[in-house]
Each structure stands twice: as structure tokens, then as C-alpha cells.
Amino acid sequence: MEDLSMYEQHNLLYTQERLSKYRPGGYHPVCLGDTFKNGRYEIHHKLGWGGFSTVWLAKDREKEQWVSLKMMTADNSKGSRELHSLQFLQKCAEGRPASKLIVSLLDVFTHQGPNGSHQCLVFELLGPSVDKVVGDYHSLGDALEIDIILRMSEQLLEAINFIHESGMGHGDISGGNVAFSCSNLSNATKDELFEVLGLPEVEDLVRLDGQPLGNGLPKHIVKVADWENWVDEDEEDIRILDFGEAFLQGNEPKVLAQPGQLRVPELIFTDCFDYRVDLWRAGCMIHAFIFGSYPFQYLGEDEVLVSQMIRFVGKLPKDWQPIWERMKMNFKRGLKSSEEVEVSELDRRLSRRDPDPILTRLASVIRQLMRFVPSSRIEASEALALLRSEQDADYDT
């Protein structure tokens with residue numbers, strides 16, 4: 001845990017990106033008003049951050065439009081998998097309408113700073129993440145309208161199908177890596193944009209001992225934009241972004257980063273995976289569109305996660321059963337038997353919703369995407385066909 005007691009205290013010290021990442025090889029110290037690429041891009045707000053980058057709202061002074069500027073950490077700027085993957089998909093985009101559902105890369109440049117050389121990716125302006133919008137609805141006791149859920153689900157599957165047919169896997173489909181487009185605001189005035197985005201909340205970074213900050217630290221910390229007045233989810237499309245874990249089919253990496261609640265079962269029971277991790281993750285996403293949360297909670301224990309999966313999906317494959325028995329024996333607290341499930345957890349959750357033919361199709365798609373054995377999952381194109389069918393035929397054979 002980094003020692004933040006040497007600085008004047010405020011909430012942003014603890015809720016934004018880690019200050020310890022502002023070091024050689026880490027983040028570049030971006031401040032509001034900074035400009036990049038010979039003054040072309042001027043920073044106005046912060047849009048996000050992760051372990052390998054910070055993302056900023058910038059004004060492209062050459063084209064007079066708002067853009068998202070992603071600044072990679074110096075260590076992750078060398079041989080970036082993301083840039084290669086985006087450029088590969090751009091070559092596959094001709095004549096493919098679904099390619100517009102992949103975030104548009106507008107420019108690439110390198111910036112030399114006190115912490116190293118940083119790759120900078122300039123994207124179209126993006127709105128809030130799907131996670132944020134869905135979470136905001138459900139925090140207020142509300143839910144997305146069913147036609148918006150259907151459109152988001154179709155677009156998610158269209159984008160994944162395009163990625164797969166191009167010979168790639170995304171590897172990290174999640175609500176944080178899917179955002180809404182922001183075409184309505186890309187040419188707005190600053191006042192109009194900030195009316196939706198919220199004004200920047202900024203706190204100076206000041207040492208208590210009066211010593212100056214090192215060159216590698218930012219002069220102030222900026223809170224990520226709230227998108228407090230965003231209401232365009234019914235008009236804007238979704239965009240898949242963050243291709244840092246993407247891979248060519250047949251050339252899968254040895255390790256795949258996975259948030260706990262989105263772990264795929266094949267990487268719990270085997271050391272093999274392929275592009276079909278995206279299909280399981282798509283099922284988790286559609287579940288979140290409907291219910292406001294992913295199907296599973298992860299508390300740090302694979303045994304508890306697998307037990308939830310069994311209640312949701314059904315019996316494990318026979319080849320995995322011996323591993324599961326050993327896992328249960330080694331688990332200190334023990335697990336309730338979940339091998340025989342009369343009513344799946346998905347059905348329980350659906351029973352609390354009003355019947356709806358679109359909801360029935362969405363549930364069928366979730367079931368068929370979230371099958372334990374990757375080869376038994378339906379492809380994204382098949383899921384799309386099912387969603388777009390007018391008859392609610394039973395495909396769960």
C-alpha cells in the first residue's frame with residue numbers, strides 16, 4: 001500500500017489512479033490545459049484510467065472536435081498489442097458495417113515525458129461505459145427499457161462477430177470495455193459538453209513538508225468525469241474498446257487477464273482457451289443489461305465461483321468432475337451440494353420479471369452463450385439470428 005500521508009489529504013488521493021504509478025515506466029503526469037503533438041490536442045477533463053493507461057478528454061484544435069486521448073504507461077508503450085489489433089481490424093473493416101461498433105482510432109503519436117516514452121492513441125469521443133449507465137439505472141431502482149437492452153445486445157454480438165470473423169479474439173469483453181458513442185456531443189461547445197459531462201473536480205497535489213513534487217508527479221489530481229446528465233443511451237450506439245488483451249485466433253497468449261466475476265470456466269479447469277471466451281463474457285454482459293449485475297460474485301475463491309456457475313448453467317462436464325471434487329475437498333468451509341439444480345438461477349431471476357417475448361429470446365441467448373464447454377457455445381452470428389427471430393422457438397436442446 002502506498003504511503004499517501006505525506007500529501008495534503010483529500011478524497012481524490014484515494015479514489016483515482018494510484019500515485020505510485022507515476023514513476024519511471026509508469027503514467028505520464030497529465031494536467032488540465034496540457035497540450036500534445038505540437039499543441040494539436042489540449043486536455044480538458046479526465047475520462048478514465050486503468051492499470052496501463054489514463055484517458056483524457058481533449059480538443060483536437062486542427063479539426064475542431066472533441067476526442068478521447070489514451071496515454072499508455074511507458075512500460076506498456078513498447079510493442080503495444082492494442083495498436084496492432086486496432087490496425088489489423090481497420091484493414092478488415094471495408095464493406096463491414098459492424099466495424100463501426102469498434103472504437104475509431106483517429107491518430108497515434110509518441111510523447112516523451114519525465115517517466116519515459118508514452119504511446120498516445122487518439123480515439124473518437126466516447127460517452128460513459130455500459131457499466132456506468134446500467135449501474136446508474138439500477139442504483140435508482142430502475143432498469144433499461146427492453147428495446148434498448150435488445151439493441152445493445154444485438155450491437156454487442158455484431159461487434160464480437162466482426163472481431164471473430166476477422167480472425168481475432170478480444171479477450172476482455174466487459175462493461176468497462178464497452179462504451180456508448182458520443183456523436184451528439186463531438187462537435188458541441190465546451191459549455192454544452194460540460195453540461196453533460198460535469199465540470200472537472202480538481203485537487204492540487206501538495207507535500208506536507210513543503211518540498212517540491214518530483215517531475216514525474218502531476219501537479220493536481222482530476223476526478224474522472226461523472227457524465228451526470230447523460231441521457232443518450234437510446235440514441236447512441238455502443239463501441240467496443242480496449243484491445244490490450246486481444247489476440248489472433250490460433251496465437252492465443254499464455255496468460256489472459258480476467259476480472260474475478262468474469263472468469264471463464266475453461267481457465268479454471270484447464271489451461272486452454274480461445275476466442276470463445278468472448279462468447280461467455282457476452283452472455284455475462286447481456287445478463288447485466290437485464291438485471292443490472294453480472295451473473296456471479298467473486299470473493300476470491302474459485303470454489304464459490306464454480307458453485308454459482310453450476311447453479312446458473314447446470315452440471316459440469318464429466319472431464320471436469322474429478323477436479324471439482326478435489327476443489328470441494330480442499331475448500332475449508334465446505335460447499336452446499338449444487339449438482340442437482342431443479343430451477344436454474346437464471347430462471348429464478350427471470351421469474352421476477354414480467355413475461356416478454358424479447359426477454360425470452362435474450363434468456364435463450366444467455367443460456368447458449370454460457371455453456372461450460374467452449375465448443376458447445378453458439379457463435380455470435382447464431383446468437384444474433386436468434387435475437388432477430390420473430391418466433392420464440394426453443395433452441396435449448
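Biologist: What is the strand order of the open sheet of three strands, and what is the sense of its pairing?

Modeller: In this predicted model, the order is 7-9-12, and the pairing is antiparallel. From one strand to the next, the twist averages 45°.

Biologist: What makes strand 7 and strand 12 edge strands?

Modeller: Strand 7 (126-129) and strand 12 (238-240) each have a single partner strand, so one side of each is left without a neighbour in the sheet.

Biologist: What is the order of the open sheet of six strands, and which are its edge strands?

Modeller: The order is 1-2-3-4-6-5, with antiparallel pairing. Strand 1 (35-36) and strand 5 (105-113) are the edge strands, since each pairs on one side only.

Biologist: What makes strand 4 and strand 6 a pair?

Modeller: The cut-off is at least two bridges, and strand 4 (residues 65-72) pairs with strand 6 (residues 116-124) over five bridges, in the antiparallel sense. Lys 70 has Leu 121 in strand 6 as its bridge partner. Helix 2 (residues 81-92) packs on the sheet, where it touches strand 4, strand 5 and strand 6, and its direction makes about 35° with that of strand 6. Helix 5 (residues 190-197) lies across strand 2 (41-50), strand 3 (53-60) and strand 4, running at about 15° to strand 2.

Biologist: Why are helix 11 and helix 12 called roughly antiparallel?

Modeller: An angle over 145 degrees counts as roughly antiparallel. Helix 11 (residues 357-369) and helix 12 (residues 380-387) pack at about 160°, with their axes 9 Å apart, and they are therefore roughly antiparallel to each other. Their crossing is right-handed. The contact has six nonpolar, two polar and one charged residues.

Biologist: Why does the description of helix 7 and helix 11 come out as roughly antiparallel?

Modeller: Their axes come within 8 Å and cross at roughly 150°. Because the cut-off is over 145 degrees, that angle makes helix 7 roughly antiparallel to helix 11. The crossing is left-handed.

Biologist: Which residues of helix 7 and helix 11 meet?

Modeller: Leu 279, Trp 280, Ala 282, Gly 283, Ile 286, His 287 and Ile 290 in helix 7 are in contact with Leu 359, Leu 362, Val 365, Ile 366 and Leu 369 in helix 11. By class, this contact has ten nonpolar, two polar and no charged residues.

Biologist: How many aromatic pairs are there, and why is the pair of Trp 280 and Phe 372 called stacked?

Modeller: The count comes to ten aromatic pairs. In the pair of Trp 280 and Phe 372, the centres lie 6.3 Å apart, with 25° between the planes. Trp 280 lies in helix 7 (residues 277-291) and Phe 372 in the loop between helix 11 and helix 12, so the pair ties together parts that are 92 residues apart in sequence.

Key:
Residues are numbered from 1 along each chain as its sequence is written. This is a predicted model: local features need pLDDT of at least 70, side-chain atom pairs count only at pLDDT 80 or more; totals for chains, interfaces and linings use all residues. Side-chain values use heavy atoms; hydrogens and water are left out. Axes are lines fitted to C-alpha atoms, for helices over the stretch in contact, and angles run from 0 to 180 degrees between N-to-C directions. Helices (H or I, at least four residues) and strands (E, at least two) are DSSP runs, numbered from the N terminus. Angles under 35 degrees count as roughly parallel, over 145 as roughly antiparallel, 65 to 115 as roughly perpendicular and the rest as oblique. A crossing is left-handed if the near helix is turned anticlockwise from the far one by less than a right angle, and right-handed if clockwise. Ala, Val, Leu, Ile, Met, Phe, Trp, Tyr, Cys and Pro count as nonpolar, Asp, Glu, Lys and Arg as charged, and the others, Gly among them, as polar. Rings of Phe, Tyr and Trp (its six-membered ring) pair if their centres lie within 6.5 Å; planes under 30 degrees apart count as stacked, over 60 as edge-to-face and the rest as tilted. Contact means heavy atoms within 4.5 Å.
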